[in-house]
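These are my notebook entries on one chain. I record here what I looked up, entry by entry.

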Amino acid sequence: MQALKFNCFVCLRLSSQRLTIPILLRLVALALVSQALPAAAAVKPESGFGLPHDVSQNGHLIDWLMNITHVFNIILFVIMCAWMAIAVVKHNRNYPAHYDHGSSKHSVTVALAISAVIFFIVDGNLFVNAISDLDKEFWNFDKVAADPKTVRLEINAHQWAWDARYAGPDGKFNTEDDIVTWNDIKVPLGTPIYVQLTATDVIHSFYLPNLRVKMDAVPGQINRMWFQAKELGEYDIGCAQHCGTHHYKMKAQLTVLPVDQYNQWQQLMSKNAQRGYDPDDKTAHWGWEWKEVY
Ligand SMILES: [Cu+2]
């Protein structure tokens, strides 16, 4: 019988005995490249490999889920490679072919059992832990709202910048002591920051890679998110939703300040805001009454 020959896009030639090891090597290389490409497209970390430096109180929860998923992927990849290697070595040209439709009761049972084990262990772990993290932390807005230290922030996304509004000393939005900044958000260290956000034109997405949070800013809708920084410094704010020609310009800065410095900055900015307040400038009053109920 003639050897089976098959040419694919990487010019692999699958003949019965030759090139079995190169095929495995190419599969390994392909897997490594497929892992490396998304990493290259991600926000550039400050140094070394991996995700951007985590400065969030809850960032480790996200990182753990991503890391454990990689571990599962690697384990499954190694099992598949070993399985293929055994098949390639064992089923050489001296091995008579046995044709099997795979529809026997035994085959179906084995396939279903393996699929179920992978599904419940890998996806089940992700599902249970993700729901738990969302419930206890990321979507636990009651805890954040009840904390007297919480800083509330309104964000208005538009092509192509981020406007941020702080309530000022009176604690109310859209009043004359509001602090309004442009592409520059300052927050105090170790303090929950409760964000409500919207957009005036198209859908944007407020993304803080170092804080491991991201939320869509949607016209006609007020979404919310919260985060808490555990390290001082300056960090990127990006738009994670392609929003038009100058989407790439929606890069802003988050500065985490010591609490006393933040308070000083807030007092100064609020005084300046009151000096420059113009009740007739309607475009400047884009804030909304803080949404308490969702
Ligand atoms: Cu955008």
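**Entry 1: H60**

I looked up H60 first: it counts as exposed because 12 C-beta neighbours lie inside 10 Å. The cut-offs are 20 or more other C-beta atoms within 10 Å for buried, 12 or fewer for exposed and partly exposed in between, with C-beta atoms placed from the backbone. I note that this is a predicted model, in which local features need pLDDT of at least 70 and side-chain atom pairs count only at pLDDT 80 or more, while totals for chains, interfaces and linings use all residues. Residues are numbered from 1 along each chain as its sequence is written.

I placed H60 in helix α2, residues 59-90. Helices (H or I, at least four residues) and strands (E, at least two) are DSSP runs, numbered from the N terminus. I also checked H60 against L211: the two are 151 residues apart in sequence, and their C-alpha atoms are 9.9 Å apart in space.

**Entry 2: α2 against α3**

I then took the pair formed by α2 and helix α3 (residues 105-138), whose axes are 11 Å apart at an angle of about 180°. That angle makes α2 roughly antiparallel to α3, a term for angles over 145 degrees. Axes are lines fitted to C-alpha atoms, for helices over the stretch in contact, and angles run from 0 to 180 degrees between N-to-C directions.

From α2 I listed L61, L65, I68, T69 and F72 in the contact, and from α3 V122, N125, L126, N129, A130, D133 and E137. Contact means C-beta atoms, placed from the backbone, within 7 Å.

**Entry 3: the core**

Which residues touch the most other members of the largest nonpolar core? I found I155 and F227, in a core of 35 residues. Such a core is a set of buried Ala, Val, Leu, Ile, Met, Phe, Trp, Tyr and Cys residues joined through C-beta atoms within 7 Å. Strand β5 (residues 192-199) gives the most to this core, with 4 residues. Leaving out residues up to four places away in sequence, I155 touches W162, D163, A164, V195, L197, F206 and A217.

**Entry 4: chain and confidence**

I recorded 5 helices and 10 strands, with 18% of the 294 residues buried.

The average pLDDT (the predictor's confidence in each residue, from 0 to 100) is 86, and 84% of the residues score at least 70. Over residues 1-19 pLDDT stays under 50, and the model has 18 contacts beyond four places in sequence for them. Residues 37-44 are also below 50. Where pLDDT is low, the predicted coordinates should not be read in detail.

Conventions: Contact = placed C-beta atoms within 7 Å. Parallel < 35°, antiparallel > 145°, perpendicular 65-115°, else oblique.
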